[in-house]
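This report considers surface patches and aromatic contacts in a predicted model. The structure is shown below.

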Amino acid sequence: MVQSSKCSTKFRALLVFIVFSTMLFGQPFEVAGILPSGAGFASSFNTVNPSCSNPASFCNAPDFMSASASQLWWIKEYSVYTVSSSFNVSKFSIGLQAGYFGKPSLYTEGLLALRLARKLEKIGSFGARLKLLGEKYPEEKQTMKPLADLGFIRDLSDYASVGIFVQDAPLSKSASKEVQFKISVGGFYEVSNWAKALMDIKFVGEKAYLYLGQSIMLGSNLCIGIGVGSRPMKMFFGAKFSVKNLSFAISGQVHPELGVTNDFGIIYEFRQSK
């Protein structure tokens with residue numbers, strides 16, 4: 001009976017891996033909570049770039065500090081730098097984040113964010129993130145846009161959860177004219193203790209985007225991931241290597257027209273996840 005159960009688990013893990021591996025293209029997604037966005041981000045946390053994942057998911061995150069650098073399509077002027085932190089205080093998870101994008105001679109963005117999350121037993125996890133986005137063009141005044149992210153997650157079991165994530169909801173009239181908010185519905189399922197399948201459906205205006213992904217643990221220190229998505233079809237992957245409380249992350253995606261985007265990050269956890 002025990003042997004049959006083990007075979008069944010391995011078969012399901014192999015089946016999910018084959019299905020996702022045969023889809024060669026996709027959107028950026030989150031591998032073991034480290035990559036910018038995509039599959040599963042409506043129901044899991046992101047320690048490198050927290051502004052892209054469900055704020056409610058940080059109820060299950062460890063205390064951490066992280067820093068990351070990204071370069072879009074190997075263009076030096078399109079570099080993104082992010083530093084963030086998260087701490088559990090009483091029954092709340094509180095996080096801070098600062099980010100910078102661009103080149104002063106062309107265009108720059110600055111981001112400051114404050115996040116608050118709490119889990120209510122038998123109901124679910126709730127979270128909110130307040131963001132202040134500053135934009136600056138050469139020879140123009142800087143504009144400030146207040147935005148908000150809202151999220152909810154419901155655990156179906158110890159191995160699965162679903163979530164909803166409202167991203168970039170404008171808090172002013174000027175922001176509502178220039179920023180389009182997004183709604184994501186997604187979830188994950190742990191096929192075994194070394195494989196996790198993730199899914200997201202993102203709605204932006206009248207368009208819907210589907211993301212699928214899978215993360216796989218190779219031993220106790222290395223996690224890799226692959227994924228697929230839509231509009232446009234892109235290939236992406238990621239990996240995270242951990243030594244005690246310190247982790248190093250790398251990811252990449254290939255756009256069919258724009259080329260490659262790379263992302264590097266480092267995370268220090270002050271304690272183990274719950």
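**Nonpolar surface patch**

A nonpolar patch on the surface is formed by Met65, Phe87, Val89, Phe92, Ile94, Leu96, Leu114, Leu116, Leu130, Leu171, Tyr268 and Phe270, which together have about 1,100 Å² of accessible area. At least two residues of the patch come from each of the strands β2 (79-89), β3 (92-103) and β4 (107-120). The greatest contribution is that of β3, with 3 residues; Leu96 is placed in this strand β3.

**Aromatic pairs**

The model contains 6 aromatic pairs. In one of them, the ring centres of Tyr107 and Tyr137 are 4.7 Å apart and the ring planes stand at 45 degrees, so the pair is classed as tilted. This pair joins distant parts of the chain, 30 residues apart: Tyr107 belongs to strand β4, whereas Tyr137 lies in the loop between β5 (124-136) and β6 (143-155). Tyr107 is buried, at 16% relative accessible area, while Tyr137 is partly exposed, at 41%.

Tyr268 and Phe270 form an edge-to-face pair, with 5.2 Å from centre to centre and 80 degrees between the planes.

**Charges over aromatic rings**

Two contacts of this kind are described here. Arg115 lies over the face of Phe58, at 3.9 Å from the ring centre. Lys196 is positioned over the face of Phe188, at 4.4 Å from the ring centre.

Terms used: Residues numbered from 1 in each chain as written. Predicted model: local features only at pLDDT ≥ 70, side-chain atom pairs only at ≥ 80, totals over all residues. Heavy atoms only, no water. Patch = residues over 30% accessible without salt bridge, like charges linked within 9 Å, V, L, I, M, F, W, Y side chains within 5 Å. Areas by Shrake-Rupley, 256 points an atom, 1.4 Å probe, with all protein chains shown as cover. Salt bridge = Lys/Arg side-chain N within 4 Å of Asp/Glu carboxyl O. Helix = DSSP H or I, 4+ residues; strand = E, 2+ residues; numbered from the N terminus. Phe/Tyr/Trp six-rings, centres within 6.5 Å; stacked < 30°, edge-to-face > 60°. Buried < 20%, exposed > 50% of the residue type's maximum accessible area, 1.4 Å probe, protein only. Lys NZ or Arg CZ within 6 Å of the ring centre and 35° of its normal.
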